[in-house]
Amino acid sequence: MKQAYFKLIKYLDAGLVLGSDTEIAGRIRLQQIRTIVDTTPTTLLCMLICAGITFVLLWAQSVNWFLIPWMTVIWLISAVGLYNYRKRLGGTDDLARANKKTVSKKSHFKVFKAATSIACIWATLPIVVYPVVETSHQPVIIAVTAGILGGGALVFYAIPRAMFAWLSIITAGAIGGLLLEGSSVSYGILILLFTYSAAMFFSGFTIARIYARAQLSHVEITEQSDTIGILLREFSENASDWLWEFSSNGTVIRGGKRFEEALNTPFGSVRADLGNGPNTGLSVILNQRSLEPLRRALEQKKSFRDIVIQSKGPGESCWVSMSGKPVLNSSGELIGFRGVASNITQRKLDEERIAFLAHNDALTGLVNRTHFSQALEKKFADARKTETWSVFYLDLDGFKSVNDHNGHGTGDTLLSGVASRLKNLVAETDIVARLGGDEFAILCSSADTVQSASSLAEEMVEELSKPYECDGKLLEIGVSIGIALGPEDGSDVYSLLNNADLALYRAKAEGKGTYRLYEVEMDEIAKQRRSLENDLRQALRNDELSVQYQPLVSSIDGKPTGFEALARWHHPERGAVSPSDFIPVAERMGIIPEIGEWVLMEACRAAANWPEGLTVAVNLSPQQFQSNKIVSVVVKALKESGLTPSRLELEITEGLFMENTEEVMYVLRELKAMGIQIAMDDFGTGYSSLSYIMKFPFDKLKIDRTFINSVDEDDVARNVLEVIANLGDVLNLKVTAEGVETLEQVEMLQKMNCTHYQGYYFGEPLNERDLSAYLLKDFKSELPIPADNIQNMGQTAS
Ligand code: C2E
Ligand code: CA
Ligand code: CA
C-alpha cells in the first residue's frame with residue numbers, strides 16, 4: 001500500500017522535474033513552496049473561522065466531547081502557524097532573506113506531511129460527527145467538508161502530492177462518515193463528493209503542470225539574463241568599448257569608472273551634469289566645447305551617435321566617443337540614458353599625427369613644402385597692395401659629407417639643430433620650412449626690404465656656421481642663401497620661388513657660405529644655362545665631342561711619358577666650349593657617366609696606337625663611381641682597345657671621397673689591382689687631401705696649377721710646392737706639376753722633387769693627328785738645365 005502510494009507520488013512528480021536533484025528542480029520546488037507559504041495566513045485564518053463556526057453550529061448536538069478537542073487542535077495549529085509566520089515576517093521574505101535559490105526534496109516532503117496531518121484532523125469531522133447529528137445539521141458538515149476539500153486543493157495545487165494527500169484523506173473521511181450514516185441520500189452525496197474530488201484533483205494537477213512549466217521558463221530566463229549579465233560585465237571591464245547609463249538627472253549609474261579611466265581624470269561623485277546642475281562630474285573634466293553636443297543631445301532626449309567628448313586640463317587630451325538613447329518608463333517618462341562609449345584617444349592621436357605629417361616635416365617639426373607653398377599662396381592673396389615680404393632659399397654646404405662621415409642619425413640631429421636656429425632667427429609669424437634633404441625655405445614678412453633681408457641673411461650665415469654639438473661631436477656646416485622679394489621679384493608662387501632658387505644658385509656658384517638677392521640678369525643666365533644643357537644633351541649624339549691629348553713630360557729629360565685626355569666640345573654656333581664650363585653642367589645634369597665613358601673608350605683606343613711606354617691619363621668625375629659600373633666600364637675600354645692596363649692612368653679629385661669613402665676605396669683598390677695607375681688631381685686645392693693620400697696608395701699627385709702660377713712671385717706658394725714635391729718623394733709617388741707655362745717656372749721646378757711636368761710650355765692639348773707629329777719631334781733640348789746636370793739632384797723620374 002505504502003509502496004503503491006509512493007509510486008503514485010513519483011508518477012505525480014514526473015514531468016514536473018521535481019524528483020530530480022538538478023538545480024533547476026530545486027528552484028522550481030522553491031517557487032512551489034512559495035505559493036503555499038504566501039497563502040499561509042489566509043489559509044490558517046480560514047481554518048480558524050471554519051472550525052469556530054462548525055463548533056457553534058453543532059453546539060447543541062451533544063458531540064461536544066469531540067468538538068472541543070477537535071477545535072482546540074485546529075485552533076492551536078492555526079495559532080502556532082500564524083505566530084511562526086508573523087515571527088518570520090512573512091515566509092516568502094524569510095526564504096528571500098535566507099537568500100535561498102533552491103530547496104531540497106525534503107522540504108516538499110515536509111509540505112506533504114503538513115497537508116496529510118491537517119487533512120487527517122479535518123477528516124475526523126465527517127467520520128465522527130456526520131452519522132450522529134440530526135439530519136437538519138448534516139448539511140453543516142457537508143458544507144464544511146466540501147469547502148475544506150476545495151480550499152485545501154487550491155492551497156496545495158502547486159505540489160500535487162500534497163494536494164493528492166489532502167483530497168484523498170478528506171474524501172476518505174467524508175466517505176467514511178456517509179457510509180456510517182448509511183441513508184440513501186448519503187450514497188448520492190458520496191458519489192457527488194467523489195466526483196468533486198476527482199475533478200479537483202485533475203484540474204489541480206493540470207494547473208500544477210502549467211505552473212511548473214511557467215516556473216521552468218522563468219528559471220531559464222533568469223539564468224539567461226544572469227549569463228548575459230556576466231558577459232556584459234566582462235565586456236564592460238575588458239573591451240575598449242563599455243556600456244554606460246545615466247539617470248535622468250545626469251548621475252552616472254554605470255560605466256563611471258571607465259569614463260574616469262578613459263578620460264584619465266577621477267571625478268569623484270560622478271555626474272554627467274546635464275545643464276543647470278553644479279559643476280560636477282563630466283563637466284568638470286570635459287572641455288566645454290566638446291561637452292556642448294552631448295549636453296544638447298541629452299536635453300533633446302533623442303538618440304545620438306558618435307558624439308566625441310574630450311577631457312580638459314593640463315595633461316594630454318583624451319577622447320571618448322559616445323552613442324546612446326533615452327530610456328523611458330512604461331508611461332513614457334524619461335528615466336535616463338543608456339548607450340555605449342569607446343575610448344578613441346589613440347585613434348584621435350593617430351589622426352592628429354597624420355594631419356600633422358601632411359603639413360609638417362617629421363624630423364624637424366617645420367612645415368613641409370606643400371604647406372609652405374600654400375602659405376605663400378595665401379600671402380599673395382592676402383597681402384595689401386603696398387606690402388612686401390621676402391622668401392629665403394637655403395641650402396647647407398657640405399651636409400652630404402657630414403652625413404656620410406658621421407651617419408644619418410647625426411645628420412638628422414644636425415638638421416634639427418639648423419631648424420631650431422632658423423626658428424630663433426626669424427619672427428614668430430615668419431614661416432620656416434624644410435623642403436627636403438638639406439634645403440630650407442623661409443617666408444619672411446618681417447624682412448621686407450633689401451636691407452633688412454640682407455642683414456638677416458648675414459646673420460643666418462654667421463649663426464648657422466657656428467659649431468653644432470651632435471651626439472658628442474662638434475660639427476660645422478655652411479649655408480648658401482638665395483633671396484627673392486615678393487611681389488616685385490615674382491608675381492606668383494612659382495616665379496618667386498624659382499627666382500629665390502636662382503639667387504641661391506648664384507650664391508653657391510660664387511663660393512658658397514654666402515647669400516645673394518635675386519637680380520633680373522639671373523633669369524638670363526638661367527636661360528642660357530638651360531639652353532646649354534639642352535645642347536649638351538645632343539652633343540654626344542651629334543658628334544660634337546672630341547678628345548685632345550696634352551703631353552706629360554719627364555722632369556729629367558723633358559721627353560713625353562704620356563698624355564692627358566681632355567674632352568672638347570665644338571658647338572656649331574657657340575664654337576669651342578671649355579670643359580671647365582660644360583663638365584660641371586654635365587655633372588649637374590647627371591650625364592657625365594655617359595660622356596666620361598665615351599672619353600675613356602676614345603682615349604684607350606687612341607693610346608693603343610701610341611708607341612709602347614706612353615701612358616694615357618683620363619679624368620673621372622665622382623658621379624662615375626656612383627653607379628658601381630666604373631670597373632666594368634674600364635675593363636671594357638681596355639679589352640676593346642687592347643691597351644695594357646699599366647698604360648692607363650685614372651685621375652680623380654678629392655671630391656670623390658666626400659661620399660661613401662669606404663666604397664670608393666674598395667673600387668679604387670680593385671682598379672689598382674688590375675695594374676691601372678691612380679692619380680690624385682688638383683692636389684693642394686682642397687683641405688683634406690693629405691688624409692686620403694695616407695689612406696690610399698696613389699701612384700701620382702698632380703699639383704694644381706695655381707701653385708705653379710704663383711711660384712714666380714709668391715714665396716709661400718713656392719714653399720708649399722716644395723713640401724708637396726718632397727711629400728711625393730717620401731711616399732714614393734710620382735709628382736706632376738700642372739700648368740707649367742714659362743721657362744722661369746721650369747727652372748724653379750727643376751730644383752724641386754717633381755717627376756713630371758705638364759703645361760703649355762711643353763705642349764698644348766693636341767688632336768690625334770697633331771700628336772703623331774709631336775712625337776716625331778726631337779726632345780733633346782727641352783729642359784733649360786740638361787738632364788746630365790740634374791741627375792745628381794736625387795730625382796726618381798720614371
Ligand atoms: P684638369 O684635369 O686639371 O686638366 C688640366 C687643365 O689645365 C686642362 O684644361 C688643360 O688644358 C689646362 N692646362 C694645361 N696646361 C696649362 C697651362 O700651361 N696653363 C693653363 N692655364 N692651363 C693649362 P681644360 O682642358 O680646359 O680642362 C679643364 C678641366 O676639365 C680639367 O682640369 C678637368 O678637370 C676637366 N676635364 C677635362 N676633360 C675631362 C674629362 O674627359 N672628364 C672629366 N671628368 N673631366 C674633364
Ligand atoms: Ca686632370
Ligand atoms: Ca689638374
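Let's start with one residue. Asp681 has 7% relative accessibility, so this residue counts as buried. Buried means under 20% relative accessible area, exposed means over 50%, and partly exposed is in between, with a 1.4 Å probe and protein chains only.

Some ground rules. This is a predicted model, where local features need pLDDT of at least 70, side-chain atom pairs count only at pLDDT 80 or more, and totals for chains, interfaces and linings use all residues. Residues are numbered from 1 along each chain as its sequence is written, chains are lettered from A and ligands numbered from 1 in the order in which they are written, and side-chain values use heavy atoms, with hydrogens and water left out.

Asp682, at 28% relative accessibility, is partly exposed.

On to ligand 1. It has 23 residues around it, and Gln550, Asp681, Arg705, Glu741 and Tyr760 come nearest. Near means that a heavy atom of the residue lies within 4 Å. By class, that shell holds nine nonpolar, seven polar and seven charged residues. Here Ala, Val, Leu, Ile, Met, Phe, Trp, Tyr, Cys and Pro are nonpolar, Asp, Glu, Lys and Arg are charged, and the others, Gly among them, are polar.

Next, some distances. A polar side-chain atom of Glu741 sits 2.4 Å from a nitrogen atom of ligand 1. For Gln550, a side-chain N or O atom is 2.8 Å from a ligand nitrogen. Tyr760 uses its backbone: a polar atom there is 2.8 Å from a ligand oxygen. On its own, ligand 1 has 790 Å² of accessible area, and the protein covers 85% of that. Those areas come from the Shrake-Rupley method with a 1.4 Å probe.

Last, the cores. The largest nonpolar core has 80 residues, and Leu536, Tyr549, Leu648, Leu650 and Tyr757 touch the most other members. Such a core is a set of buried Ala, Val, Leu, Ile, Met, Phe, Trp, Tyr and Cys residues joined through side-chain atoms within 4.5 Å. Another core, of 52 residues, lies apart from it and includes Leu44 and Trp70.

Terms used: Polar contact = N/O pair within 3.5 Å; in protein donor to acceptor, adjacent residues only side chain to side chain.
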